[in-house]
Amino acid sequence: MSQKELDIPTQLASRIDELALSVACQPPLGESAKEALKTEIKALLKAQNAQIVAHFYVDADLQALAEETGGVVADSLEMANFGAQSDADTIVVCGVRFMGETAKMLSPEKTILMPDLGATCSLDLGCPAEEFAEFCAEHPDHTVVVYANTSAEVKAIADWVVTSGNALQIVNHLKEQGKKIIWAPDRHLGDWIEKQTGIEMLRWQGHCIVHDEFKTFELEAMKKEHPNAKVLVHPESPADVIALADVVGSTKVLINAVKTMDDQEFIVATDLGIFYKMQQLAPNKKLLVAPTTDREAACKSCAHCPWMAMNGLQNLADCLKNRTGEVLVDEAVRVKALGSLNKMLEFSRNAGLVKK
Ligand code: SF4
């Protein structure tokens with residue numbers, strides 16, 4: 001194994017794929033059932049001084065409800081910032097587990113609920129804290145930079161936490177200080193950051209099961225069928241897919257591209273939950289999902305994260321009504337992780353990446 005790349009064990013990689021394929025999505029609801037649940041949720045939010053903090057990848061109904069009720073729909077950076085600044089007593093995180101943990105670590109006095117605590121992330125699963133701690137201990141002269149898509153325990157080992165919305169700026173900042181860097185866990189985002197910054201990092205080899213599935217050959221064919229379409233790619237995608245992009249960036253960057261570019265057609269290589277916000281901001285533009293299958297392999301995600309899809313109106317109503325799905329983080333872990341989380345937020349606020 002090269003020092004530069006630490007592969008995750010094959011057994012763990014297969015287990016992650018198995019888990020992703022076994023996830024049960026929320027059953028579809030009829031319009032009247034949806035309306036009844038929305039009314040119930042709005043009343044519960046009000047009665048409990050609660051707010052919804054939703055990710056761009058969850059169901060459109062949840063995103064709309066978060067906006068209607070004074071919550072937020074955002075990327076993981078803005079979700080963390082919003083939760084920390086909110087004066088709600090309860091935050092309901094519609095997203096995946098690490099987002100709930102981040103909210104709890106930043107706001108220990110608030111109750112953090114999630115519709116389903118089983119909603120995880122392949123990047124989080126692919127970076128077990130114990131193995132990662134051993135790897136870091138072998139390189140004590142390195143600054144440890146971890147993506148937000150990690151457990152609270154992994155964040156507690158880190159010097160810096162980053163998201164795709166600030167990773168470039170933070171790594172550049174560390175490069176200017178002459179730091180050597182350990183990067184975890186996303187291999188493609190790490191590779192893209194290396195190319196953008198010119199720095200070499202020791203990289204953990206985790207992957208996102210959604211972005212890892214975008215296919216170059218099929219994307220090239222789609223580009224030929226839609227010669228005027230611009231290609232938008234999230235940097236958790238493989239390097240050869242990124243090479244075909246007109247715009248590469250975080251969810252926020254991709255949404256902004258659809259809104260501000262003059263082009264009318266876009267091929268989008270990220271989770272299709274993002275179409276809600278893109279279509280809201282640019283209702284007349286045509287959006288196409290980048291291809292995720294080829295002739296040989298079965299699709300594991302079809303451009304939609306199975307864990308994000310565990311969030312629905314029914315379990316959102318249930319968690320508020322029954323006060324279930326509370327996210328708890330061990331206090332010693334929280335205190336250790338808080339330094340790197342706060343550093344990230346302070347850096348992002350000073351750089352104008354999120355609201356002060
Ligand atoms: S889309 Fe990928 S990175 Fe995001 S939560 Fe799902 S598995 Fe994790």
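**Helix α16 and its end**

I started at G352, which follows α16 and has a positive phi, near 75°. Helices here are DSSP runs of H or I with at least four residues, strands are E runs of at least two, and both are numbered from the N terminus. I note that this is a predicted model, where local features need pLDDT of at least 70, side-chain atom pairs count only at pLDDT 80 or more, and totals for chains, interfaces and linings use all residues. Residues are numbered from 1 along each chain as its sequence is written.

Next I checked the length of α16, residues 331-350. The expected span is 1.5 Å times one less than the number of residues. For the 20 residues of α16 that gives 28 Å, and the end C-alpha atoms are 28 Å apart, so the two agree. I also found a kink of about 35° centred on L338; the bend at a residue is the angle between axes fitted to the seven residues ending there and the seven starting there.

Which residues of α16 are buried? I listed A337, L341, M344, L345 and S348. My cut-offs: buried needs 20 or more other C-beta atoms within 10 Å of the residue's own, exposed means 12 or fewer, and partly exposed is in between, with C-beta atoms placed from the backbone. These buried residues pack against α4 (76-85), α5 (97-106), α8 (152-157) and β7 (160-162), where contact means C-beta atoms, placed from the backbone, within 7 Å.

**The parallel sheet**

I then traced an open sheet of 4 strands in the order β11-β10-β12-β13, with parallel pairing. β11 and β13 stand at the edges with a single partner strand each, so one side of each has no neighbour in the sheet. Two strands pair if DSSP finds at least two bridges between them.

I went through the pairs one by one. β10 (residues 230-233) and β12 (residues 265-269) share 4 bridges, while 2 bridges join β10 to β11 (residues 247-248). V233 has partners on both sides: A269 in β12 and V248 in β11. β12 is joined to β13 (residues 286-289) by 4 bridges. I could follow a row across, with L232 opposite V268 in β12 and V268 opposite V289 in β13. I also saw that β12 is mostly covered, with 4 of its 5 residues buried.

Where is the cis peptide bond? I found it joining A184 and P185, with omega about -10°. P185 lies in the loop between β8 (181-184) and α10 (187-197).

I looked up two non-glycine residues with positive phi. A303 has about 60° and sits in the loop between β13 and α15 (313-322). R323 is near 55°, in the loop between α15 and α16. Are they buried or exposed? A303 is buried because 23 other C-beta atoms lie within 10 Å, whereas R323 has 13 and is partly exposed.

E213, in the loop between β9 (201-204) and α11 (216-225), counts as buried because it has 24 C-beta neighbours inside 10 Å.

**Around the ligand**

Last, I looked at the ligand. I counted 13 residues around it, the closest being C121, S122, C208, V210 and C305; near means a C-beta atom, placed from the backbone, within 6 Å. The shell divides into 10 nonpolar, 2 polar and 1 charged. Nonpolar covers Ala, Val, Leu, Ile, Met, Phe, Trp, Tyr, Cys and Pro, charged covers Asp, Glu, Lys and Arg, and the others, Gly among them, are polar.

Terms used. Two residues are in contact if their C-beta atoms, placed from the backbone, lie within 7 Å.
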